[in-house]
Amino acid sequence: MIRGLVFILLFQGMGEIISKALSLPIPGPVIGMVLLLSVLVIRDQLDPDVERVAGAFTQNLGLLFIPAAVGVVMFIPALRVHGLSIAAILLASVALSIAITAITLRLLTPPSSTDHAAPSPESEE
Amino acid sequence: MTGPISTLSQIELGEIWVYLTGSPLLSLILTLAAYQVGLMIYERANKNPFANPVAIAIAIVIATISVIGLPYAKYFEGAQFIHFLLGTATVALAVPIYRGWQLFRQRAAILSAALIIGGLGSIFSAIGLAQLIGLPAELTLPFFAKSVTAPIAMGVAENIGASPTLTAVYAVTTGITGAIIARYILDWLRIRAWWQRGFAIGVAAHGIGTSRAFSVSAEAGAFASIGMGLHGILGAMLIPWLS
């Protein structure tokens, strides 16, 4: 547990140092993530301890942004005026990005390729 | 007769209260307990995206700090220990991307093309609409990273001068909305293949969409996870340039 945490924190530290030292606009943790991903792909093995710690974080991502998101109370006056427009934009934008991502995939997939597990959509639930 | 005693207990309670609001304990308990309640309600609701645990937790924390009169700055001072872990969680996202790496490599070109088109589409559609309506800049900038997984989105937001708070709120709203409407859009477009459905949800609606995809199909979930992770990397590199 601790070993996995130290390992991940080290990559976070390396990422922060690289981001600051080269004054990159990319956040340090993202650089740390890319470094860790490169190491995992090159070595092609995953330490079970790292896997356990990473699992704990990624399964509870939502918890971590509660403190910042609660700050929305500071924006209530602005959101009273513009909240509906913002909601409408978010809805339209997410619908569009789901659609264009999926359409691109379908257009680029060769017709001969076998799409395994492609049941009728009605069976989704 | 009861006067001195109640005064005494009031002083003691007051002191305990001052101590609690000054220590991180109250904020930490509140945040974790609210999240726990959110998760319980989400489970009870059979993981219905409307009962999103994070949205519930945010509402509980806001209601509680308003009732007890704890200023947000004070709350955040205590809860910043949770907030700090966002960076660590971002690094940890390498693990799910690595797990999907073989799947990604089999279709690398197609998935990359769809990722870039979907990512750019999510940014330009939102920013374009916001400018069309004439939203103030403070409310427009958070749209840039709203389709990126929240831990990365908030880091990017800080770099482009957008409010991390609004970015997180936009991202959660995007995730919930995407998780709810995805199946209708994909059915309407007759997108049948699980890998295509999953990847589209992951790119557009990040973590919340991904957990929805996993609850429907393991293959969709795996591809959603790849879409979410890669969109995180792409967004972090692209958004500082675009904004």
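1. Of the 243 residues that make up chain B, 54% count as buried. The structure discussed here is a predicted model, and the remarks below should be read with that in mind.

2. The secondary structure of chain B consists of twelve helices and zero strands. Read from the N terminus, its elements follow the order α-α-α-α-α-α-α-α-α-α-α-α. Along its principal axes, the C-alpha trace of chain B spans about 80 × 40 × 30 Å. Among the contacts in chain B with a separation of 6 or more, 61% come from residues 24 or more positions apart.

3. Helix α2 of chain B covers residues 24-44 and has 21 residues. From its first C-alpha to its last, α2(B) reaches 30 Å, close to the 30 Å expected at 1.5 Å a residue.

4. Which residues of α2(B) are buried? They are L26(B), S27(B), L30(B), T31(B), A34(B), Y35(B), G38(B) and Y42(B). Viewed down the axis of α2(B), these buried residues fall within an arc of 155 degrees, so they line one face of the helix. The student may recall a general rule: an α-helix has 3.6 residues a turn, so residues three or four places apart point the same way. On the other side of α2(B), the residues L25(B), I29(B), E43(B) and R44(B) are exposed.

5. Backbone angles deserve a separate comment. Most residues other than glycine have a negative phi. Just after α2(B), however, N46(B) takes a positive phi of about 55 degrees.

6. In chain A, S23(A) is a residue other than glycine with a positive phi, near 35 degrees. S23(A) lies in the loop between α1 (2-21) and α2 (28-43) of chain A. Is S23(A) buried or exposed? S23(A) counts as exposed because it has 6 C-beta neighbours inside 10 Å, and the cut-off for an exposed residue is 12 or fewer.

7. D44(A) is not a glycine, yet its phi is positive, at about 50 degrees. D44(A) is found in the loop between α2 and α3 (48-59) of chain A. With 9 C-beta neighbours inside 10 Å, D44(A) therefore counts as exposed.

Terms used: Residues numbered from 1 in each chain as written. Chains lettered and ligands numbered in written order. Predicted model: local features only at pLDDT ≥ 70, side-chain atom pairs only at ≥ 80, totals over all residues. Helix = DSSP H or I, 4+ residues; strand = E, 2+ residues; numbered from the N terminus. Buried ≥ 20, exposed ≤ 12 C-beta atoms within 10 Å, placed from the backbone. Contact = placed C-beta atoms within 7 Å. Expected span 1.5 Å × (residues − 1). Arc of directions from axis to C-beta.
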